[in-house]
Amino acid sequence: MSVEITTGPPEVRVPASAEVTDTIGTAEAVLTRRTGASVRLADPEDLGGSGRSVVMRVRVAETPFELPRTLVIKHYGAVPDEGCSDPFAHEAASCQLATALPPELRVGPELIAQDIEQRLLVLEDLGRGATLADVLFGDDPKAAERSMLAWARALGRLHTSMAGREADFDALMRRVGGDSWADPVAVDIRRSLSDLPELLERTLGVSPPEEVRERLSAASGLLGSTKYRSFSPSDICPDNSLITGNGVRFLDFEWACVRDVALDAAYLLFPFPSSWCSYALPEGMAENMLATWRSEVVEVWSDLDDDAVLRPRLLDAQLLWVWVSTWWFLPRDGQSDGPIDAHMPSPRRSTALADRWRRLGADAESAGSSEVAECADRVVRALVERFGSGILELRPYPAFR
């Protein structure tokens, strides 16, 4: 197997350190055991990572076997407490599951090697292409539109290619030592169902009526066992989506899970509700993205071609996302109304939330759910009263301005 290395931003070499040396040495040992001959790696390049892992690109400097000329190493830290989700287990099981697919169906990097005890993964290097975030924050609207549609298609292909693989994913999670693999968003949604009403009352003076709470309870059925479940990266944000010559590929599976596809499809209608970069799309773009995703998934779930089946599920997913993101981002007493992520070019929290509630209200009104629409309108008015009318101006992504 070989990879295409495309042009991109300048390389950022990793300064020599004990952590880098240890990671490279561990990766060399893992690859040597796998190939049965010495493998030497060089020129580590920092790829960001997180507080949970070290991620770097390395050059294969010496090997008697055919290996890609560059690889990506992910080296995870300590095992989390018992009962907590383990990002290494999620990533390892996900990459094994995806690598078992034919190459033309893969939507993530191939797993080259792994070591469970050392908590290390050696992955295919997908190259230096731009991420979806790079394109959205660029200056080419045509490229941004093509990339968003390619992202929607890749998401649909992921859902269809991974449908019916829940038992396989569970078995792989157990094999790599994962003892908790619930959807982390589902955990937060369930907590927000009980916590957000009091927060809305205290912060905005809005008390959700019983009819809305009942609709939320019914919508939470998406979090359980349904006929529309498939694998999800969970964190399908623009900076985890790489634009390649073979379409969009997803990079990060640290919180991957199996869940109802409507929870991912809702991202198409109001972009990236769990992410720092939730801006507005041009008129008609969301529906085009939904149609692109839908053209893929109807191969597995033909009834999702029926609006009477799909649209209520999407409204339920939208309601859950608006609810949990309000619980995440609504400034509490004493908190400032800053950006969603202070280290990224994010919109203000109040601006993002006002737009989500406004769109939820409009979609609920169109669907005949007047109680949800009226509650959404009250929340928007309360947000404006507290944070000012300027919050109603959510700007488009820079590429569409």
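**Sheet.** I looked up the open sheet first. It has five strands in the order β1-β2-β3-β5-β4, with antiparallel pairing. Strands (E, at least two residues) and helices (H or I, at least four) are DSSP runs, numbered from the N terminus. Two strands pair if DSSP finds at least two bridges between them. The edge strands are β1 (40-46) and β4 (111-115), each pairing on one side only. From one strand to the next, the twist averages 25 degrees.

I note that this is a predicted model: local features need pLDDT of at least 70, side-chain atom pairs count only at pLDDT 80 or more, and totals for chains, interfaces and linings use all residues. Residues are numbered from 1 along each chain as its sequence is written, and side-chain values use heavy atoms, with hydrogens and water left out.

**β2 and β3.** I checked one pair. Strands β2 (residues 53-62) and β3 (residues 70-76) run antiparallel, joined by seven bridges. V55 has K74 as its bridge partner in β3.

**Across the sheet.** I then found helix α2 (residues 87-99). It lies across β3, β4 and β5 (120-124), at about 145 degrees to β4. Axes are lines fitted to C-alpha atoms, for helices over the stretch in contact, and angles run from 0 to 180 degrees between N-to-C directions. Contact means heavy atoms within 4.5 Å.

**E45.** Buried means under 20% relative accessible area, exposed over 50%, partly exposed in between (1.4 Å probe, protein chains only). The E45 side chain makes a polar contact with the side chain of R128, at 2.8 Å. A polar contact is a pair of N or O atoms within 3.5 Å; within protein, one must be able to donate a hydrogen and the other to accept it, and residues adjacent in sequence count only if both atoms are side-chain atoms.

**Helix α6.** I followed residues 184-204. The helix bends by about 45 degrees at D195, and P197 follows within four residues. The bend is the angle between axes fitted to the seven residues ending at a residue and the seven starting there. D183 caps the N-terminal end: a side-chain oxygen lies 3.0 Å from the backbone nitrogen of V185. Buried residues of α6 include I189, L196 and L200. Its buried residues pack against α7 (210-219), β9 (257-260), α10 (307-329) and α12 (370-387). After α6 comes G205, with a positive phi near 75 degrees.

**Cysteines.** I counted zero disulfides, taking a disulfide as a pair of cysteine sulfur atoms within 2.5 Å. C237 is buried at 3% relative accessibility, and C277 is buried at 0%.
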